[in-house]
Amino acid sequence: MNYTKMMAGFVLLLLSSAHALAYDCSGVPQYSDGSAYSNGAIVRNNGSAFECTVGGWCSVGGPYAPGDGWAWGDAWNGLGACDGSPGGPSSSSSSSSSSSTPGAGNGSCPAWSSSNTYYAGDVVEYGGYYYIAEHDNPGYDPTISTWFWEPIASCPGGSSSSSSSSSTGNGFSAIVSQAQFNQMFPNRNSFYTYNGLVNAAATFPGFANTGDLTTRKREAAAALANFSHETGGLVYINEIAQGEYCSGGATPCGVCAPGKRYYGRGPIQLSWNYNYCAAGQALGLDLWANPDQVANNATTAWRTALWFWMTQNGAGYRPAHSSMVNGFGFGETIRTINGSLECNGGNPGQVQSRINTYSSFVQILGTTTGSNLGC
């Protein structure tokens, strides 16, 4: 560690303590290792508020976690201890005419519209929940990724979200308890933590949180059944046959990073350079240059799986999330994940294995499988 940088961080801490003794943390998200935070993002950790001052550094944990470690002052500016009192500084950098200014206290946030352009700091209501724009965007769906939108507890100055599926949890944790998760995966690798999944699900608020209770349970069971199949019951982190998986075709990140291999990692066994590139861009992580992040951080691993589940068509016709919430059935999630090898009569034993696991998981969650199980 550079001594000059260490002292600069220490001085920054002293200055922050002198000029920001208290901060209103209402609606400020909890810091999470493995999440991406851009320059200007505000989080809370260890009872205090912090602002990211170096884009990129703020996406890692360990010594760079705010207020926790020897180098956090290089990346985070301490804003003060959370006191819950009103009047704390706003985290918004700008606002559009289509939304209320965060912290304005009017309690009236407009409904999200795909035809509007949003700017960092804008707050919208979507499906009974509130989201604050983390980056400027041309009307992206708030449930896709927290790279663009961050869920918040309430509309500034108003009440909390009203249509939550449960009084606790973030949607997913209200559908699958830790005890049920442990029942589903009695022999899982300790890397695949329940808390890592809960943290990852919070960055995709629509996951297992769309539609009626039966639909939400079926989606959770379907995702976990496919993840189980891909990893041998959440046992394997890395693919056994670790090939190059370099397509040779240029991606927005390049072709393939020197010396890197893009074999399957994590719950969905994310593979190929183009998928690592796309997932990294969506999640605010450089997975193309450092694919091992997926195997080293549980939350990041779960986030790549949910990114694919929520947003990618794969070998199918639509993302797996869309198949489950729009009634196309579990079989279509198989098609999305591995349809080129398993659907249309290919490898029926693998298809049946996925169906059997799904049937077991919906039973644990107290619901039924629905129709269209095969593909």
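**Strand pairing, helices and salt bridges**

In this predicted model, strands E2 (residues 42–45) and E3 (residues 48–52) run antiparallel to each other and are paired over four bridges. Within this pair, isoleucine 42 lies opposite glutamate 51 of E3. The two strands make a hairpin, with two residues between them. Asparagine 46, which sits in the turn, has a positive phi of about 55°.

Helix H8 covers residues 298–311 and contains 14 residues. The distance from its first C-alpha to its last is 20 Å, close to the 20 Å expected at 1.5 Å a residue. Of the 14 residues in H8, 13 are buried, and the helix is therefore described as mostly covered, since buried means under 20% relative accessible area. At the start of H8, asparagine 297 places a side-chain oxygen within 3.0 Å of the backbone nitrogen of threonine 299.

Helix H5 spans residues 213–231 and includes serine 228. Serine 228 has a relative accessible area of 11% and is therefore buried. When residues up to four places away in sequence are not counted, serine 228 touches Phe185, Gly233, Leu234, Thr357 and Phe361.

Side chains of opposite charge can pair when their charged atoms come close. The model contains five salt bridges. One of them joins glutamate 230 to arginine 354, with the closest N and O atoms 2.7 Å apart. Because glutamate 230 lies in helix H5 and arginine 354 in helix H11 (residues 348–365), this pair ties together parts that are 124 residues apart in sequence. Glutamate 230 is partly exposed, at 22% relative accessibility, whereas arginine 354 is buried, with a relative accessible area of 0%.

Arginine 354 also forms a salt bridge with glutamate 342, and here the closest N and O atoms are 2.8 Å apart. This pair links distant parts of the chain, as arginine 354 belongs to helix H11 and glutamate 342 to helix H10, 12 residues apart. Both arginine 354 and glutamate 342 are buried. Through shared partners, salt bridges join Glu230, Glu342 and Arg354 into one network.

A further salt bridge is found between the side chains of arginine 335 and glutamate 332, at 3.2 Å from N to O. These two residues are three apart in helix H10 (residues 330–342), so about one helical turn separates arginine 335 from glutamate 332. Arginine 335 counts as buried at 10% relative accessibility, and glutamate 332 counts as buried at 14%.

Methods:
Residues are numbered from 1 along each chain as its sequence is written. This is a predicted model: local features need pLDDT of at least 70, side-chain atom pairs count only at pLDDT 80 or more; totals for chains, interfaces and linings use all residues. Side-chain values use heavy atoms; hydrogens and water are left out. The expected span of a helix is 1.5 Å times one less than its number of residues. Buried means under 20% relative accessible area, exposed over 50%, partly exposed in between (1.4 Å probe, protein chains only). A polar contact is a pair of N or O atoms within 3.5 Å; within protein, one must be able to donate a hydrogen and the other to accept it, and residues adjacent in sequence count only if both atoms are side-chain atoms. Contact means heavy atoms within 4.5 Å. Two strands pair if DSSP finds at least two bridges between them. A salt bridge is a side-chain nitrogen of Lys or Arg within 4 Å of a carboxyl oxygen of Asp or Glu.
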